[in-house]
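Please examine the structure shown below before reading on.

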Amino acid sequence: MTRLALGGITHRRGARTVLAGVDAAFESGRLTAVIGPNGAGKSTLLAIAAGLLRPDAGTITLDERAIRAIPPRELAAVRAYLPQSPRAEWPVRVERLVALGLSQHLPVFGPLPGRWRLAVSGALARFDLIALRDRPATRLSGGELARAMLARAVVGEPRVLIVDEPSAGLDPRHAHEAARQLRALADDGCAVVVALHDLDLVSRIADDVVALKDGRLHASGPAEAVLTEPTLGALYDMPVRVDRAGGRASVRFGD
Amino acid sequence: MRRLVLPLLTLAILALAAASLLAGPVWLSPATVAAALADPQPSLARLLIVEVRLPRLVLSLMVGAILGLAGAVLQGLLRNPLAEPGLLGASSGASLGAVIAIYYGFAASAGLATPIFALVGALVAVGIAFALSRTGGTLSLILAGVAVSTLASAGVSLALNLAPNPFAAYEIVTWLMGSLADRSWDHVTLAAPFIALGATLLAFTARGLDALTLGERQAESLGVDVSRLRLLALIGTAAGVGAATAVTGAVGFVGLIAPHLARPLVGHRPGAALAPAALIGAALVLAADVATKIAGPALDLKLGVLIAVVGAPFFLWLVLRVRQVAP
């Protein structure tokens with residue numbers, strides 16, 4: 001059982017307060033969607049949760065241990081982080097790109113320990129990349145690259161997975177496919193945190209929702225409790241209709 | 001195929017090294033070279049090989065290797081195929097140091113004054129670049145390096161402008177062209193420790209550079225300390241390229257081209273490209289030096305000039321080809 005807890009997170013960029021006193025907790029087996037308008041502080045919150053950005057105030061603990069006290073490589077073995085629109089800087093093969101997700105398990109010199117060599121093939125298979133394994137990563141389509149990057153993120157079998165906007169730039173089929181994979185990872189016991197704009201997708205996969213507005217916690221809790229007309233309407237400053245049919249919410253904005 | 005890259009490059013270097021010992025104003029036959037090396041009795045051939053051609057050979061290998069290595073590290077670190085070792089200010093700092101030594105006449109009074117001043121100049125220039133960029137990221141490091149380079153170049157121009165006599169100006173210009181002629185074991189002894197230190201620091205960046213294929217954020221999430229990586233690259237380049245420039249003068253293009261040639265050989269992995277880039281750099285400088293020797297003392301073709309004349313069109317071709325290959 002893994003628990004990543006954020007308490008009273010406040011972060012400023014220059015004079016602007018990006019996050020103000022945000023609390024959140026992410027647990028094994030649960031998928032938490034972070035939602036909110038552009039500029040609400042979703043990406044900043046995710047980077048702070050990943051331990052990559054030090055907040056001006058607040059605590060981040062992973063299993064009751066301050067995240068700052070965990071050595072970077074040890075942390076990398078436990079949590080994986082995927083930023084928004086990741087791209088490959090060099091035309092390395094897809095297989096190599098995915099294997100980079102095991103960097104934290106590499107010794108300073110010498111090859112990868114045996115237990116991890118099979119992990120790459122497993123991740124390639126899981127994300128339907130076997131046919132693309134020798135393709136240079138810079139020549140993948142948007143959907144293929146997104147899959148390869150997700151495979152990169154999960155190849156090290158993280159206990160916490162933090163993904164920023166995995167569906168950005170993906171067509172509906174690939175967006176749903178990515179969402180399905182994230183849901184499957186949570187079902188396998190991973191604590192998954194994902195920033196999403198597509199609320200239909202959120203209602204399809206999320207257990208919990210954290211809604212941010214102007215750097216403050218607007219609402220948080222189980223998905224069905226947050227994805228309601230009054231909460232979403234206030235969150236996006238827009239009229240919204242939520243239809244629940246078959247246990248799944250469908251969200252429509254506008255009159 | 002990839003397993004053969006390093007052995008094949010080593011073989012090429014050995015062949016070039018042999019050619020380098022044979023070539024010169026006086027051509028020696030392989031038998032003469034072998035006999036002179038095997039026979040401890042002092043002879044003209046032995047003197048020529050041990051005191052003139054061998055230090056020159058060793059120096060060209062060291063200089064070429066560190067230029068190729070530093071170029072590969074900086075291109076990987078900055079994720080920019082146009083990065084080269086001079087970017088952080090090491091080369092122009094060294095040039096300014098050497099020019100100061102020549103300008104104020106230290107060079108005339110002490111034989112190694114020029115390389116020592118150049119080495120100090122390189123370290124000071126990179127030190128300033130680092131101090132300016134300490135709080136910022138990679139981009140501020142590039143900007144600081146460019147700023148320091150520009151300042152140092154301005155200093156060189158100023159020295160040329162104010163040169164007391166045409167001879168001083170000529171000497172400065174000659175040094176700036178880069179050459180391996182008339183270098184001795186003293187130069188090797190001066191440069192070797194710094195180049196070895198630089199190469200060691202740069203070699204430790206390999207794993208981090210591989211992770212940087214995913215960008216800085218993802219590399220950090222994988223446990224790579226990007227600011228430590230930047231520091232390793234910076235100090236390694238300052239020591240290694242500073243020392244190389246100090247003993248040969250400014251030799252451009254090698255650090256730019258060698259990584260481009262190395263990357264396709266290793267599937268474009270920036271970390272794996274370090275060793276082949278170093279070997280290719282060594283081979284390039286050695287080949288260019290042999291070519292200047294074949295051109296003969298009458299022509300007195302300078303190493304830096306030859307590399308630039310051949311390197312620039314080659315680089316142009318490379319850029320056009322990359323544009324076709326890249327998406």
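A salt bridge is a side-chain nitrogen of Lys or Arg within 4 Å of a carboxyl oxygen of Asp or Glu. In this predicted model, Glu89(A) and Arg79(B) form a salt bridge, with their closest N and O atoms 3.4 Å apart. The pair qualifies because the cut-off is 4 Å and the distance between the closest N and O atoms is 3.4 Å. The count between chain A and chain B is one salt bridge. Across the interface of these chains, four residue pairs are in polar contact, both residues of each pair being at pLDDT 80 or more.

Several elements of chain A supply at least two residues each to the side that touches chain B: helix H2 (72–78), strand S6 (79–82), helix H3 (94–99) and helix H5 (142–154). By residue class, the side of chain A that touches chain B divides into 20 nonpolar, five polar and eight charged residues.

How many residues of each chain are in contact? On chain A there are 33, and they contact 28 residues of chain B. Between them, chain A and chain B bury about 2,400 Å², and carbon and sulfur atoms account for 62% of this area. On the side of chain A, the residues that lose the most area to chain B are Glu89(A), Trp90(A) and Leu100(A), which together make up 29% of what that side buries. Glu89(A), listed here, is also the salt-bridge partner of Arg79(B).

The next topic is the strands of chain A. Four of them form an open sheet with antiparallel pairing, in the order S2-S1-S4-S5. At its edges are strand S2 (16–27) and strand S5 (65–66), each of which pairs on one side only. Strand S1 (residues 3–13) pairs with S2(A) in the antiparallel sense over eight bridges. Within this pairing, His11(A) has Leu19(A) in S2(A) as its bridge partner.

Further along chain A, strand S9 (residues 208–213) and strand S10 (residues 216–222) run antiparallel and are joined by six bridges. Leu212(A) has Leu217(A) in S10(A) as its bridge partner. S9(A) and S10(A) form a hairpin with two residues between them, and Asp214(A) in the turn has a positive phi of about 50°.

For chain B, an unreviewed UniProt entry annotates several spans as "transmembrane region", including residues 86–106 and 190–210. In the model, residues 86–106 of chain B are 71% helix and 0% strand, with end C-alpha atoms 25 Å apart. Residues 190–210 of chain B are 90% helix and 0% strand, and their end C-alpha atoms lie 33 Å apart.

Definitions and conventions. Residues are numbered from 1 along each chain as its sequence is written. Chains are lettered from A and ligands numbered from 1 in the order in which they are written. This is a predicted model: local features need pLDDT of at least 70, side-chain atom pairs count only at pLDDT 80 or more; totals for chains, interfaces and linings use all residues. Side-chain values use heavy atoms; hydrogens and water are left out. Contact means heavy atoms within 4.5 Å. Buried area is the accessible area (1.4 Å probe) that two parts lose on being put together, summed over both. A polar contact is a pair of N or O atoms within 3.5 Å; within protein, one must be able to donate a hydrogen and the other to accept it, and residues adjacent in sequence count only if both atoms are side-chain atoms. Helices (H or I, at least four residues) and strands (E, at least two) are DSSP runs, numbered from the N terminus. Ala, Val, Leu, Ile, Met, Phe, Trp, Tyr, Cys and Pro count as nonpolar, Asp, Glu, Lys and Arg as charged, and the others, Gly among them, as polar. Two strands pair if DSSP finds at least two bridges between them. UniProt positions are given in the numbering used here, feature names are shortened, and annotations may be inferred rather than shown by experiment.
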